[in-house]
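This report describes a few local features of one protein structure. Please look over the sequence and the model before reading on.

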Amino acid sequence: MRSAADSFLQPSGEVAEALAAGSPVVALESTIISHGLPQPRNLEVARELEGVVRAAGAVPATIAVLDGVPRIGLNELELERIATEAGLRKLGQRDLPVAAALKASGATTVSATSFLAARAGIRVFATGGLGGVHRGWTDDQDESADLDTLARTRITVVCAGVKSILDVPATLQRLETRGVSVAGYRTDEFPGFYLHSSGQPIDWRIESPEEAAAIMRGQDALGGQETALIIANPVPEDRQLDPELHDRVLSEALAAAERGGVKGQAITPFLLGYLVDGTAGASLEANLAAVRGNTALAAQIALSWARS
């Protein structure tokens with residue numbers, strides 16, 4: 001029996017049909033459309049990513065909240081709305097009940113997308129990079145809500161690691177503490193978002209989508225805490241941001257943030273924007289290369305999961 005919360009979700013007809021039939025579905029976040037890319041490229045990328053999922057034989061479910069209603073899968077007009085409407089909020093999981101009560105519209109972050117996808121019955125989610133523990137955590141205790149949500153949500157997230165502006169070792173430690181499984185896809189090192197590698201080792205490596213689906217089956221068979229599975233898929237080396245350029249511009253960005261007293265929720269967009277400007281857009285291209293690869297892999301995992 002569906003709960004009141006589940007019935008409040010509004011899947012598109014295509015997504016609802018696919019879920020009922022046990023067909024593969026891949027969740028996609030919407031903040032990259034509304035907040036991560038300039039117009040009109042944001043809409044082009046949104047369509048492209050959905051096309052990547054369809055080309056693999058799965059159904060895309062881009063997730064957003066429109067007029068207070070969580071939409072699981074968007075039609076063309078709804079995609080255009082997310083890409084063009086001014087003043088759209090950026091919604092984390094904690095914001096969802098407020099948005100529902102106030103009939104607000106917004107794009108969903110990793111935490112909100114993971115939560116809504118899992119509630120809708122979607123098991124696989126593709127994104128660029130996760131949030132995590134911020135640098136200087138011992139002073140500010142600034143940590144992304146993504147980590148808490150992933151520690152209590154049964155979903156498989158395909159990503160290129162965590163954003164390189166963060167404290168990667170601390171984030172990996174936090175994931176371990178919270179019981180979130182991490183596996184590198186054909187890599188022994190945790191990806192660095194814009195970079196092929198962060199230089200941090202990871203304990204588990206898989207070689208195929210089938211192995212990812214097998215881990216998912218193991219999660220369900222063992223039971224226990226409803227944690228996520230992170231499949232860390234690095235951006236190809238020939239598509240990564242030049243590591244020396246990355247390190248130099250990020251160092252400049254951190255110094256500028258310190259001088260300007262930029263903290264809290266403002267720090268991530270500030271640093272990411274600085275990287276885009278300081279690399280003449282090269283960081284954005286590396287981000288998009290990672291998202292495309294993650295989306296393609298997520299579709300393959302969803303197909304393997306649907307066959308299991």
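Predicted model: local features only at pLDDT ≥ 70, side-chain atom pairs only at ≥ 80, totals over all residues.

H4 covers residues 41-55 and H14 covers residues 282-307; their axes come within 8 Å and cross at roughly 25°. Angles under 35 degrees count as roughly parallel, and H4 and H14 are therefore roughly parallel to each other. Their crossing is right-handed.

## Asp167

Asp167 sits in the loop that runs between strand E8 (156-159) and helix H10 (168-177). With a relative accessible area of 25%, Asp167 is partly exposed.

A polar atom of the Asp167 side chain lies 3.1 Å from the backbone nitrogen of Ala170. Val133 is 34 residues away from Asp167 along the chain, and the C-alpha atoms of the two are separated by 5.6 Å.

## Thr187

Is Thr187 buried or exposed? Its relative accessible area is 8%, and buried means under 20%, so Thr187 is buried. Thr187 belongs to the loop between strand E9 (181-185) and strand E10 (205-206).

The Thr187 side chain reaches the backbone oxygen of Glu189 at 3.0 Å. Apart from neighbours within four places in sequence, Thr187 is in contact with Ile202, Arg205, Ala232 and Pro234.

Conventions:
Residues numbered from 1 in each chain as written. Heavy atoms only, no water. Axes fitted to C-alpha atoms, helices over the stretch in contact; angles between N-to-C directions. Helix = DSSP H or I, 4+ residues; strand = E, 2+ residues; numbered from the N terminus. Parallel < 35°, antiparallel > 145°, perpendicular 65-115°, else oblique. Left-handed = near helix turned anticlockwise from the far one by under 90°. Buried < 20%, exposed > 50% of the residue type's maximum accessible area, 1.4 Å probe, protein only. Polar contact = N/O pair within 3.5 Å; in protein donor to acceptor, adjacent residues only side chain to side chain. Contact = heavy atoms within 4.5 Å.
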